Amino acid sequence: MDNKIIIFDTTLRDGEQSPGASMNTEEKLRLALQLEKLGVDVIEAGFAAASPGDYDAIEKIAQSVNKINVCSLARAVESDIKAAGMAVNPAKNKRIHTFIATSPIHMEFKLKKTPSEVIKIAQNAVKYAKTFTDDVEFSCEDAGRSEISFLKEIVDAAIEAGATIINLPDTVGYRLPNEIYNFIKIMSDYVANKAIISVHNHNDLGLATANSLFGVMAGARQVECTINGIGERAGNAALEEIVMAIKTRKDEFKGLYTDIVCKEIYKTSRLVSSITGMEPQANKSIVGKNAFLHESGIHQDGVLKHPETYEIIKASDIGLENDNIVLGKHSGRHAVKSKLEALGFELNDDELNAAFERFKILADQKKDIFDDDLRALITDEMIKIPEVFEVITLSSNSCNKGHSSASITIRNKDKIISDSALGNGSVDSIFKVVDRISNINGVLKDYQVKAVSSGKDAMAKATVKVQFEDKKAVLGSGLDVDTMLASAKAYVAALNSYFNLKK
Ligand code: KIV
Ligand code: ZN
């Protein structure tokens, strides 16, 4: 059996199923290109039949990436498989991932089909998928609660029809690591070298990573996972945890390896948070804000004497560099370029010019520019979408008695519009003026602000989720040293996103 573990990233498909995490086509493409740099083997770019937007994003990704395998999910129905096959067609390496539920509860209540009908459907689906590509993955949805004897039958049928990968998901995150080990061992021994066994675990009991690792130990050679562990309900297994566990504990994983470029992990994690507006919790393994911080004096003392007293992974292993060089207003283009390179950003001349412009503006407002400030600036630039509206100036007054007020000047294509409004607090008054200027009433579904780095003059990053005109809510984020301006930019970014979706 091969020692390489295939990393199948489903951030763009299962990850996007996280409540509130929807991404537009440009964002998906950005992320796909970053996932390619990260070195994932397969990218599940979406579910082509789900919507024209999903189809479009998969097709654009298939046209844009080079070596990575691009996959689309499809239910075991012809129309889904056809859409998936057409959407991934431009890719050099393409896969169709078709699935049907195999647990008694799903077959009886959801599908209302007998087990033999389900086998027939699976077999036809795989055969039809093979007319688009040789690389066909078949998933037994809810495999974790399916009967082994039935799984063996349906897996035989799928392999006979041409499936090359057999995925056995614990769809509802019910299983414990020892159960997954035994289950995957039985199935992997049964399938032997006729197909690759894949694991796909959900995190409902907080066991998705552990279950995936036990699956690998039992013979699975593909792991399906997402960046930051985002996904349906409590999420999927986190890519960064699986990859770093296999690397850090190579003694236990006995020669197994992934082709992930670990130094790209942190950057990819930041990009996913910026696009989805979902920050990993501070104590999240590998990519959380506190993952490499030592608070207790005893730990700090130990780390200073010998890092390995309390560190099993170095921050620099995942691309979280810290050279203690802080930039400021006297730093030149060369210093900014070298710092960005050290942080893992390779920018072309135009991108570097844009980054330097933004750096200079920030350096006029803030004395010390930390790595986190630079990372936030660049990531913000990366996810920028075409601007229909742009905030030019903002003046906001908060008041502890009576109303707060805001006056804004906004550019709308070639028009400059100014207006003011009163509100219950600064944020309310700012969002109200933007509504007046754009003539669209947004309903604010979520609003978060956080400091990007440290110090009283730290930049604020505001993220909003807004619903305009009964359509699906959109996200927007804004960065500024002024929290109210960051909020205004975030709200206007959501408005721009809404207009871009309508196009
Ligand atoms: O969790 C699951 O079962 C899935 C399948 C569609 C693979 O996401
Ligand atoms: Zn899933």
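This is a predicted model: local features need pLDDT of at least 70, side-chain atom pairs count only at pLDDT 80 or more; totals for chains, interfaces and linings use all residues.
Residues are numbered from 1 along each chain as its sequence is written, chains are lettered from A and ligands numbered from 1 in the order in which they are written, and side-chain values use heavy atoms, with hydrogens and water left out.

Let me start with ligand 1. The residues around it, meaning those with a heavy atom within 4 Å, include Arg 13, Asp 14, His 97, Glu 141, His 200 and His 202. Within this shell there are 2 nonpolar, 6 polar and 3 charged residues, where Ala, Val, Leu, Ile, Met, Phe, Trp, Tyr, Cys and Pro count as nonpolar, Asp, Glu, Lys and Arg as charged, and the others, Gly among them, as polar.

Which distances separate oxygen atoms of ligand 1 from polar side-chain atoms of His 200 and His 202? For His 200 the distance is 3.1 Å, and for His 202 it is 3.0 Å, whereas a side-chain N or O atom of Arg 13 lies 2.9 Å from an oxygen atom of the ligand. Taken alone, ligand 1 exposes 260 Å², and the protein buries 94% of that, with areas computed by the Shrake-Rupley method with a 1.4 Å probe.

Now to the cysteines. Searching the whole structure for disulfides, that is, pairs of cysteine sulfur atoms within 2.5 Å, gives 0. For Cys 71, which is in no disulfide, the nearest cysteine sulfur is that of Cys 225, 13 Å away. Cys 71 has a relative accessible area of 0% and is therefore buried, given that buried means under 20%, exposed over 50%, and partly exposed in between, using a 1.4 Å probe and protein chains only. Cys 225 is likewise in no disulfide, and the sulfur of Cys 262, the nearest one, is 12 Å from it.

Finally, I would like to point out two residues other than glycine with positive phi. Ala 192 has phi near 45° and is found in the loop between α7 (177–191) and β7 (196–201), these elements being DSSP runs, with helices (H or I) of at least four residues and strands (E) of at least two, numbered from the N terminus. At 46% relative accessibility, Ala 192 counts as partly exposed. Lys 413, with phi near 55°, lies in the loop between β10 (404–412) and β11 (415–423), and its relative accessible area of 63% makes it exposed.

Notes
A polar contact is a pair of N or O atoms within 3.5 Å; within protein, one must be able to donate a hydrogen and the other to accept it, and residues adjacent in sequence count only if both atoms are side-chain atoms.
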